Amino acid sequence: MHKLPVGETVIGAVKFGFQNMFTTIRLGWVGFLLSIIVIGIVGVLVFGGMDFSVFDDLDDWDYNSSEENMAALHAVFSIYGGIILAILIGSIAFVPLTVILTRMAAEVEDAPTGIGYFRLGGTEILYILGGIVSSILHSLVVFLALIPAFAAFGWGAVLSFSDGADFEAALDNSALGLGGAAVIVLLIVGIVLILWFALRMTTFLPAVAAEGGFPLFKALKMTGKNVWHLVGAWILFFLLRYAIEIGVSIGFVAVFLIFAFLFQAAGAEMELLGMLVIGAGGLIGAFLLLLYLMFIIASSVAFPARIYHHLKQNG
């Protein structure tokens with residue numbers, strides 16, 4: 001059985017991120033622009049006619065008034081629902097970029113040519129459906145994995161309540177007594193199961209993007225005996241990314257100090273030169289930040305795609 005090459009996978013994803021920063025800009029700017037437009041349209045439709053005056057007099061809010069409570073709840077759910085809806089719809093515009101970067105990192109397809117890219121075909125639709133299925137499965141696993149812990153807490157509270165304790169005391173007794181100990185153990189077990197399932201699903205969406213199908217069981221089988229290697233790969237990937245983030249932060253501080261020194265050296269008698277220095281510093285800083293964000297996007301997409309590539313290639 002082939003084992004995932006941890007170091008090669010992590011280094012390959014980071015290398016892909018650095019090599020494709022400009023490519024990510026070229027392939028992603030159309031989706032980014034469309035996302036902004038879609039989010040703006042949804043925002044206008046959702047929030048344009050909303051009455052926010054219900055929040056003006058919170059201090060004088062009559063909590064016993066069902067009318068005010070319903071108005072406030074409607075406003076709160078509309079706000080959060082509108083934000084979530086805008087993000088979900090807007091994120092669809094990034095699916096073409098995610099799919100093409102995945103296919104590139106999995107060595108299935110080369111980067112398209114041209115200065116703009118947006119392809120929303122069958123593979124991208126399958127990727128969206130795959131994301132929905134993955135979210136549902138993850139939510140189901142979380143629910144099932146945490147049920148025993150909540151059941152243990154509830155059972156401890158019921159036993160304490162049956163012994164004559166009031167409701168609040170029963171909850172405290174369950175949390176501090178046998179119920180609390182069982183909850184902690186079962187909670188740890190539940191979290192381990194959730195993480196285990198997340199690791200097993202690592203190659204599912206990359207497989208959808210690379211193969212254009214819906215190979216759920218194939219992806220699960222692919223990661224079946226590589227869980228510990230996946231744990232090591234994820235830890236190493238995050239540590240390396242964190243080290244890069246520290247280096248980038250130090251670089252930003254260094255650029256700021258250099259331009260601050262140049263601005264001070266210009267002096268008051270050279271105010272125009274000083275403003276030019278500030279402007280140049282701002283542009284350079286914004287450009288470096290853009291490149292770093294592109295690296296984050298490209299390497300994050302490439303990492304599970306490289307896992308898929310290695311496991312498929314040597315499976």
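**Figure 1. Helix 5 in the lining of the largest pocket.** Helix 5 supplies the largest share of the lining of the largest pocket, 7 residues. The model is predicted: local features need pLDDT of at least 70, side-chain atom pairs count only at pLDDT 80 or more, and totals for chains, interfaces and linings use all residues. Residues are numbered from 1 along each chain as its sequence is written, and side-chain values use heavy atoms, with hydrogens and water left out. Helix 3 (66–92) and helix 5 (122–162) each give at least two residues to the lining; helices are DSSP runs of H or I with at least four residues, numbered from the N terminus. The lining consists of Leu88, Ser91, Ile92, Val95, Tyr127, Ile128, Gly131, Ile132, Ser134, Ser135, His138 and Leu205. These residues divide into 7 nonpolar, 5 polar and no charged; Ala, Val, Leu, Ile, Met, Phe, Trp, Tyr, Cys and Pro count as nonpolar, Asp, Glu, Lys and Arg as charged, and the others, Gly among them, as polar. The pocket volume is about 310 Å³. On a 1 Å grid over the protein atoms alone, a pocket is an open set of points where a 1.4 Å probe fits, with protein on both sides within 12 Å along at least five of seven lines, and lining residues have an atom within 4 Å of a point. Grid points are joined across faces, edges and corners, and the volume is the space filled by probe spheres set on the points.

Figure 2. Glu109 pairs with Arg103 in a salt bridge, with the closest N and O atoms 2.7 Å apart; the criterion is a side-chain nitrogen of Lys or Arg within 4 Å of a carboxyl oxygen of Asp or Glu. Arg103 is buried at 15% relative accessible area, and Glu109 is partly exposed at 22% (buried is under 20%, exposed over 50%, partly exposed in between, with a 1.4 Å probe and protein chains only). Arg119 forms a salt bridge with Glu109, the closest N and O atoms being 3.5 Å apart. Both Arg119 and Glu109 lie in the loop between helix 4 (95–105) and helix 5, 10 residues apart. Arg119 is partly exposed, with a relative accessible area of 32%. Glu124 forms a salt bridge with Arg119 at a closest N and O separation of 3.4 Å, and Glu124 is buried at 1%. Through shared partners, the salt bridges join Arg103, Glu109, Arg119 and Glu124 into one network.

**Figure 3. The largest nonpolar core.** This core has 37 residues, and Phe16, Phe295 and Phe303 have the most contacts inside it. A nonpolar core is a set of buried Ala, Val, Leu, Ile, Met, Phe, Trp, Tyr and Cys residues joined through side-chain atoms within 4.5 Å. Helix 1 (6–19), helix 2, helix 4, helix 8, helix 10 (227–266) and helix 11 (271–313) each give two or more residues to the core, and helix 11 gives the most, 13 residues. Phe16 touches Leu101, Met104, Ala105, Ala298 and Ala302, not counting residues up to four places away in sequence; contact means heavy atoms within 4.5 Å. Another core, of 15 residues, lies apart, and among its members are Val95, Leu146, Met201 and Ala219.

**Figure 4. Thr23 in helix 2.** Thr23 is found in helix 2 (residues 21–47) and is buried at 15% relative accessibility. With residues up to four places away in sequence left out, Thr23 touches Met104 and Ala111.
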